[in-house]
Amino acid sequence: MKLGIISDIHDNVWALERVLDALADCQELACLGDLCSPFTALQIAETFAGAIHLVWGNNDGDRQLISSRLAAYANAHLYGELGELSLDGQTAALTHYPHLGAALAKGGQYDLVCYGHDHRRGSQQVGPTVLVNPGEVMGRLGVVSCAVYDTGARAATIIE
């Protein structure tokens, strides 16, 4: 199974369209915050057919409206600040914040930990845990990126 991972969209719906196209073969999607506006959340929910797992970032504007709009989509799951999910028998934790992601990975209880916020893409092994930052959809640092985690390979790939 493949999990697409995105973060820090900051309402760049044009880049988001390209990123979602690149992740079309993924069965599930993790969004690690900083959607910003309700229309960005709707674009994700209307475009991605599989399960969508979202956590809040520090720049998500009208959280109440985002929540109410996403409630109309059975495939969209909003977790708050921390998301925990099961993927093919593996455990995953989702957060927006690097310090939480690092601490969760060091704890060793998850197979996968995903975080965003600092817009720096990368993947590393921390004990038994794969720690992934997909970078940014926004492109503020010059590179639009996302990641794919493959449960079979237990590895993540960054896509630019």
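A: Let's start with the term "buried". A residue counts as buried if its relative accessible area is under 20%. Keep in mind that this is a predicted model.

Q: Is D34 buried or exposed?
A: The relative accessibility of D34 is 1%. The cut-off is under 20%, so D34 counts as buried.

Q: Where does D34 lie?
A: D34 is in the loop between strand 2 (28–31) and helix 2 (38–47).

Q: And what is the phi of D34?
A: Near 60 degrees. That is a positive value, and D34 is not a glycine.

Q: Which loop holds R154?
A: The one between strand 10 (146–150) and strand 11 (155–159). R154 also has a positive phi, near 55 degrees. R154 is not a glycine either.

Q: How accessible is R154?
A: R154 has a relative accessible area of 46%. Exposed means over 50% and buried means under 20%, so R154 is partly exposed.

Q: New topic. What is the strand order in the open sheet of five strands?
A: The order is 5-6-7-9-8. The pairing is mixed.

Q: Which strands stand at the edges?
A: Strand 5 (82–87) and strand 8 (122–126). Each has a single partner strand, so one side of each has no neighbour in the sheet.

Q: What does the twist average?
A: From one strand to the next, the twist averages 20 degrees.

Q: In which sense do strand 6 and strand 7 pair?
A: Parallel, over three bridges. Strand 6 covers residues 90–95, and strand 7 covers residues 112–114. In strand 7, C114 is the bridge partner of L94.

Q: What lies across strand 5, strand 6, strand 7, strand 8 and strand 9?
A: Helix 4, residues 98–107. Helix 4 runs at about 165 degrees to strand 9 (129–133).

Q: Last one. Are C31 and C114 buried or exposed?
A: C31 is buried, with a relative accessible area of 0%. C114 is buried too, with a relative accessible area of 0%.

Technical notes
Residues are numbered from 1 along each chain as its sequence is written. This is a predicted model: local features need pLDDT of at least 70, side-chain atom pairs count only at pLDDT 80 or more; totals for chains, interfaces and linings use all residues. Side-chain values use heavy atoms; hydrogens and water are left out. Two strands pair if DSSP finds at least two bridges between them. Helices (H or I, at least four residues) and strands (E, at least two) are DSSP runs, numbered from the N terminus. Axes are lines fitted to C-alpha atoms, for helices over the stretch in contact, and angles run from 0 to 180 degrees between N-to-C directions. Contact means heavy atoms within 4.5 Å. Buried means under 20% relative accessible area, exposed over 50%, partly exposed in between (1.4 Å probe, protein chains only).
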